[in-house]
Each structure stands twice: as structure tokens, then as C-alpha cells.
Amino acid sequence: MPPITRREFVAKTALAAAAAQLVSSLRASEPAAPTPSAPTPPGTAPVRWLDGNAPPAQVGTTWGTAWPRGRHARDTTFALNTVAGDAVPVQSWPLATWPDGTLKWTAHAIPADILATESFHLAAGTPLAPTKTLSVTETADAIEIDTGVIRARLARRGDVLVPSLTRDGVEIATDGRLVCLREDRSDATAPRTEQFGGVINTVTVEQSGPVRAVVKFEGKHATTGREWLPFVVRLYFYAGGEAVRLMHTIIYDGEAQTDFVRGVGVRFAVPLRGALHDRHVRFSGQEEGLFAEAVRTLTGLRRDPGAAVKAAQIAGAATPPLETWNKQVSERLEFIPAFADYTLCQSSADGFVIQKRTKAGYTWLNSAQGQRAGGLGYVGTPQGGVAFGIRNFWQSHPAQLDIRGATGDVAEATAWVWSPEAPAMDLRPYHDGLGQDTYAKQYNGGLEITYEDYEPGFDSPQGVARTSELMLWAVAATPSRDRLAALGAVLRTPPVLVTTPEYLNGCGVFGGMWSPADRSSPAKAELEDKLAWNFDFYHGQQEQRRWYGFWNYGDVMHTYDADRHEWRYDVGGFAWDNSELSTDIWLWLYFLRTGRADVFRFAEAMTRHTGEVDVYHLGRFAPLGSRHNVLHWGCSAKQLRISTAVNRRYYYYLTGDERVGDLMREQLEAARALVRIPPGRKLFSATVQGDLARAAPQDPNLAGLGFGTDWGSIAGAWLTEWERTGSPLMRERLLNSMRSIAAQPRGFFSASAPMHLDTGTFDRSDSDKVAVSHLSAVFGLPEVCAELIQLLDVPEFKQAWLEYCELYSAPKEEQTERLGAPLRGNNLRQGHSRLTAYAAKLKGDPALAKRAWVELQTPEWGPRQGKPSAKHLVGPAVLRPVDEAPYVSTNDTAQTGLAIMQCLALAGEALPEKL
């Protein structure tokens, strides 16, 4: 029986919800019961707000929930209740299934008009229908979405995505479109700016209610004679909601030397009704700060209009009739300047400026300044308006909010994710190659001195992407200051629902490679302290070192320079980390076991960044990722280990995020790129001697893959697709590759072999040679193998993997006895202690478990005494006060963190009393 589709699942949920409508209406009038303190009922999943409390404003929320194997059939419907027992409307759909066809992960959405409550229970049952049911109507020309509060008309073609947005029959916003400014530097002496607009190629309705609707637009920015800068935009609507969530992705496909993005954003027209003194502009500042002015201000005049008039304008309400004003003001309104244009520009993480002017051609007035704006703007009247904004506004600088034409019948509101007031986006290389025109110079030169893997033409940004998150509210009247502060808080920190670490761990997801935080013994508490210190240190470094910016936010630096007291931001392969040694997985496992909100958001930002910016989505290098470098795309090592779907799985299953789902699907055929770009071409080719000529591949369906970073990455993509869709092809590829790895003369110690890309089968090597790389198992391979062994019964693969885990760090004598010689190149043993722990767990071997803890306590570069600590530095040694821990490196932090967490989960019973 084929897996049920999302549409079929949602349709069944909607029917069940309609049947419960009458019961819900009766129950809604009953008084709410007090929140009980009882534990979660058996068979239910606990659901809580990530930040602990209900959000200050509801906008609709989607989250993912795991289920134990065998618990729920794939067509199960779900009901959501508060802990007090009150039913809450919910829409549900499957994300993944176990091999037996039962649900493994499901996604759920709640409306925007639910009452605030702190926690819920989710269980099989008949869902409550929303009070205001969301509906989607499709025609040949348009898509109509009605949330019960607002109605949106979406286009199927043309350069306007959202022709209209109405509320109670009143048009609140129109002409919603994408805008782009390109600076042409083909003539460097006379740069020329061109305007582009987003043109729709395809539109897909991905969900259609009853609680949540999702519409996906794909296209390019175009002007006369040229199309470029592909986009993917998703609009999200929730029942009972006045807001639209917008996920905005651009993919750079220009020439870095000539195509400079001067600005890119989203623009809406906002009809304005009423007198100029009843029109209002708002910008959120730092924290709850708010810039609030009328287009024509009535306060501060030489003559006072009256207390009631001023109070109404300050509140954003309609002012009293003119005849009630002081005539000295009401008869002279035309002499009071009205301001048409407003701009908030966040040029860096440390400063923003608000300016306004009466009209084009006249000077700008500096209205306000601050450090970090909240990213929310508003323009409107007591008859309606639009609040709009960009999440991570200052973190992703340069960003800008514009309001133009506020004195006319229609204003324009533009959210610029790249500010046109900032210097144009410069994606050129940062050096000229430094004479590295042969593989020999690249491998023995730059790589040896700056750790940079350079190759001409490989430092191209063509194909990298960036996704931004925006919000728009169609409000019935100018919101109060408190309401705008609440909307700003939701924009900055969107409400997130999660379950508990204990429940999630009990479901057996993610291969059993983690466990909830545990401080039940002094030794465990010491390890928990170390894990917490490591995360807190990097969280603090992000702020102190200003790891922010449009192309950088979400990433961390790779290696520290203790002499300069600075991370090596300008030294080749020591700069941006680009997921090296599983930084993403370290963060996500730490969140799974702690449930900390700050960890979730740090990991979320990294997932957004590493999946978009560090990976190619079109062009020559797609869909591979780039190794760590000064520029995120600068390294010539284009590899699966960076683009791997393994790094994205956690966020996808916890949130159901469609864009991340797309990114993982991009990787299904990623191994084919290795035919064009072999990852070991410099290391193993005769061209190391200086000959750059390379023979064309003989068979486009055959690629050489390592069993570690390469196969682990592609297997992660196949595994995820199999879970999501039940694809027989993906399952067959997994089985074929697992069996053919096990059939190698030395199993995983054979290291690599040619793979038939259609089937996933590896050729059997003719060599009996033992080979090993310290990198094979530090890019998600242990996590993938654990899940495959959990899900697929391939005994020979299990045996091969356990042999690798057991022998990698075994005593040399044991390696010689079983492999014929001791292993070489098997460093990073502290990080590999988790492999020993895994073998101990599956074999039930206490001696191996004890050995794992010995390995974990033996750092690669010698023991470090005492607890982790940092030194606080101030000027003139440094530019600004910072904390420094010279011994900290991201490689070590990620691998040691994973080793601690996984040793605790797999061999916790063997933990020594004292470390």
C-alpha cells in the first residue's frame, strides 16, 4: 500500500475536524479548568512553548512531533488539548514513517486566534475545527486565500505576487512584488544601476487548510533584456490570522566581477484613507523601543490644538472633528509640514538611523538613531494599515525599511533584506590566486601555509543562496504601542512549539545517539558543565566578535589566533567554519538533550546559513558545498560533506520547514557531481606534479566515493527521502550500498570504491589494503550508520560498521592481530571515542565502554588541566572587550561535544566516578 500523501492526510483531518465542530462550539462556552500538574497521559506527546511562556501575540505556529515505532498508523488523525483538557484546533500531516509504515514524525499547525496557554497534549483523536476555517480557492488566473480575518489574492503569472490583501472588504495592501537593484560594473569607471522585478515562473499550492495554507512562488528577477537572480518565495497563512509569513530565497547567478546587487527586497502598496494628521508611521527600535510619529505632527506647535487632539494622535487613533480643535491650528493645517518618506537603515550590527523628508528632491532629516532596530515598520490610519518587518534584522545587516508616499493616496512599504543605502553586495574573490596555477602549488603551497585549498575559478559565488524571513500584518487600525511591541517581539522571536527531551528520546529517533541532560552524579554534572560552557562560549563569541551580516549570520569561525587575540577571519582555511567536523550536529544534539531556547535559535540560524550560503543550488558546482574559508564559497574543495542532508534533518523534523525540505531533496543525486569534481583530485592525481589536464570520466554513472564523508552524506539524503516518501528507489540504493560496503575486502577499512549512481552499488575493490582517514567518521557518518542499523536489517553491514568502530582506536596490537598491521592516520581519537561507545552498546561489551571513556579523556594534543575558562581582555590589547580561550577550536569543540553526548547515551553506565 503506497504512503498516504500530505493532501490525502490533510483532507482526512479536515473531514474529522468538521465532524467535531458542533461539540467544539458547545465546549467553547464552558469555563476553562485550572492547569493541572499531572504528567503527560500515556500515549500522548507533550507540547510546550520553546521559551516557556505563551507568546505575546499569536500568529499561527507549525511544529514537528516524533512517535515511537508502531504507535500510530500512517492515516491516524490527531487532536490537541491544553493541559486543562480544552480542545485546540490543529491540522496534521506526516513527515516521515518507520519501516513498518507507522508514523515516525508528524507536523502540526495551530491557528492564529487561539487563547494563550503554556502547554498542550497531542494524541490520536478527532481534531477540533478552527473557529475561522481557512479556505483556498484556485482559478486559472489566481489563488484566493481566506483566513477568516484577511483575504489574499495571489497571482499565477506576471510581476505581482500579491495583487491584493483585504480585511472586512477594505483593501489594506496591493501590488505585492519583489524588487531588486543591480549595479552594473562592466565599466568600472561608471557604475550603472538597473531596476528589476520578480517575475513568476511557477506557483504551487503546497497546503490548503483548514488551519494552514502554503503557496510557493518560483521565478527570476527581470527587466527588459535580462532575467537573473532566481527566487523562491513561500507565503504562509493561518486560520484566524491577520498575518502573512514570507520566506524569501534568492540564488545568486551573476558574474561576481560585474553583477553587484545594490538592493533586494519585498514591496507592497498601502492605500491610505483620511487626513494627514491621522496617518501614522512606526519603527521598532531596540527591545521594546518604538519610533512613533504622525505624517503631520500636531504636537510641539506654537499653538496647541487641544489635549484631546494630541492624545488621539499620540495613541494613533482618529482625532476629534476639526470643529472641536483650536481654530488657530485647524485653520492653518496647510502650513504644518507633512512628511511623505521615511527610512530606517541598519547599516551594521551596531547602528541604525531613521530619516524622513517631506518629498523627493528635499533634504532628509535625521529623526532618530540607535544600535539595533527590531526590524518592524508600520504605515496606516485608523481605517487600516500594514505592519511589516524582517526577522534577524540587525543580525543580517545591511537591512532597511522604507515608507514612501505617505502623503498621497497610496504609500509604498519596502522591506529591503539588502539595503540600497549600503555599499553594493561584493562577492568577488578576496585575492588573485597568489600564483597558484598548478595543483602542485595549490597542494604544497597555499594549503600548506594558510590551510586554503585554492583553484582558479572555484571561488565563484554562482549558485549560492540566502533565505530571509519576513512578516506582514494587515491590521484594521493603527495598533497601540503595546500591540506593536508585541508584534515586534513575535517578529524577532517567532513562537516555536517543541516537545520535551525525555519524550523525544523515548521515541527512539535519531538513532539512539543521544540522551537527555543528566546531572545525577558529580562526573555527569561535570560533563554537563563542560557542554554548557562550550555552547555559552560560542554564543558569547558570536556577539563579541560580531559574527553577523547577510552572508555570515549563523556561521562561526574555525580557528583562533592567540597572538592577535582574534579568530583567523582572514587566513585561508581557518576562517568561516562551514559545518566542518559536524558543528551543526553538535548544536542540534545539544538542543535535543537540553531543550534550551538559545541553543535552538543558534542552531536554527546555522542551519539556515549552512544549507543556503555554503552550498551551491545551481551551476557548475551544484549541489555540493564548500569547505571552510575566508569566503563561504572560496575553497576549491567542493564536497558532499558540507552539503549533506544529515545537517538539516534535525531542524526539518522539529519544524516541518518546507525550504529545508527542498534543500535535502537537492542532495538526492549529489554524488553525480563527483564525476565532474572528484574530491581527491589533487591528493591522488598525477597532476600534483603540475599537470592540470584531467581525463574526462569514462562512465557518467560511475563515481568514486569514499565510504566516510561521501557515502555518509549521500546515504543521509537517501535515508531522509525514504522516510519522507517511502521511495522504493531510495530504500534499494541504501540496501545496495550497505551490502556492497560490507562485501569489500576490508569493509569500511577499504575506504572507497566506484559506485554505480543509479543503483547505489559499489564495485568490489581488488585490493586487500587497509586504509583509514580521520575525517571519515566526523561528518555525520556515525549518526547515519546508527539510524540505518536501527531501520534496515543488514547483518553484514552492521558487522562491518561495528568492526570499524571497535578497531579505529584499538590498541596497536589488536589492530595488527585483526587487520594485519596497525592503523595509520587514525587521529581525532577523542572524537572517535563515541564510535567505541557505540560498539560497546551494540555488543554489550563493558570493557569497550570503559575504553571509550579513557579515549574521551585523552585529548588529541595532550591533557588540559582544570575546568574550561576564558580570559577577559580589554584595550589596548584588543579593539573592544572580549573573552578569549586560546585553546578552543571549533573542530575540537564540535567533536568533543558530540563524543561527550554520545558516550553518555551509549556508555553512561561505565562513566568513571571521577574524571
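The model described here is predicted.

Strand 34 and strand 35 are joined by two bridges and run antiparallel. Histidine 756 has threonine 761, in strand 35, as its bridge partner.

Helix 16 spans residues 709-725 and includes serine 713. This serine is buried, with a relative accessible area of 4%. Leaving aside residues up to four places away in sequence, serine 713 touches Leu640, Arg641, Thr644 and Gly708. Arginine 641 is 72 residues from serine 713 along the chain.

Aromatic contacts were examined next. A search of the whole structure gives 41 aromatic pairs. In one of them, the rings of tryptophan 547 and tryptophan 567 have centres 5.5 Å apart. Their planes stand at 80°, so the pair is edge-to-face. Tryptophan 547 lies in the loop between helix 8 (522-544) and strand 29 (560-561). Tryptophan 567 belongs to strand 30 (residues 566-567). The pair therefore ties together parts that are 20 residues apart in sequence. Both partners are buried: tryptophan 547 has a relative accessible area of 3%, and tryptophan 567 has 1% relative accessibility.

A further aromatic pair is formed by phenylalanine 748 and phenylalanine 797. The geometry is edge-to-face, at 5.6 Å centre to centre and 65° between the planes. Phenylalanine 748 sits in the loop between helix 17 (728-742) and strand 34 (752-756). Phenylalanine 797 is in helix 19 (residues 795-807). This pair thus ties together parts that are 49 residues apart in sequence. Phenylalanine 748 counts as buried at 4% relative accessibility. Phenylalanine 797 is buried too, with a relative accessible area of 0%.

Ring pairs also build a cluster. Its members are Trp533, Phe537, Tyr538, Trp547, Tyr560, Trp567 and Trp586. Tryptophan 547 and tryptophan 567, the edge-to-face pair described above, are both in this cluster.

Two arginines lie over aromatic faces. Arginine 372 is placed over the face of tryptophan 394, at 3.9 Å from the ring centre. Arginine 466 is placed over the face of phenylalanine 550, at 4.5 Å from the ring centre.

At the level of the whole chain, the protein contains 23 helices and 37 strands. Its C-alpha atoms fill a box of roughly 100 × 70 × 60 Å along the principal axes. The radius of gyration is 29 Å. For 915 residues, a compact globule would have a value near 29 Å, which agrees. Of the 915 residues, 60% count as buried. Among contacts with a separation of 6 or more, 68% come from residues 24 or more positions apart.

Methods:
Residues numbered from 1 in each chain as written. Predicted model: local features only at pLDDT ≥ 70, side-chain atom pairs only at ≥ 80, totals over all residues. Heavy atoms only, no water. Phe/Tyr/Trp six-rings, centres within 6.5 Å; stacked < 30°, edge-to-face > 60°. Helix = DSSP H or I, 4+ residues; strand = E, 2+ residues; numbered from the N terminus. Buried < 20%, exposed > 50% of the residue type's maximum accessible area, 1.4 Å probe, protein only. Lys NZ or Arg CZ within 6 Å of the ring centre and 35° of its normal. Contact = heavy atoms within 4.5 Å. Pairing = 2+ DSSP bridges. Rg over C-alpha atoms; globule rule 2.2 N^0.38 Å.
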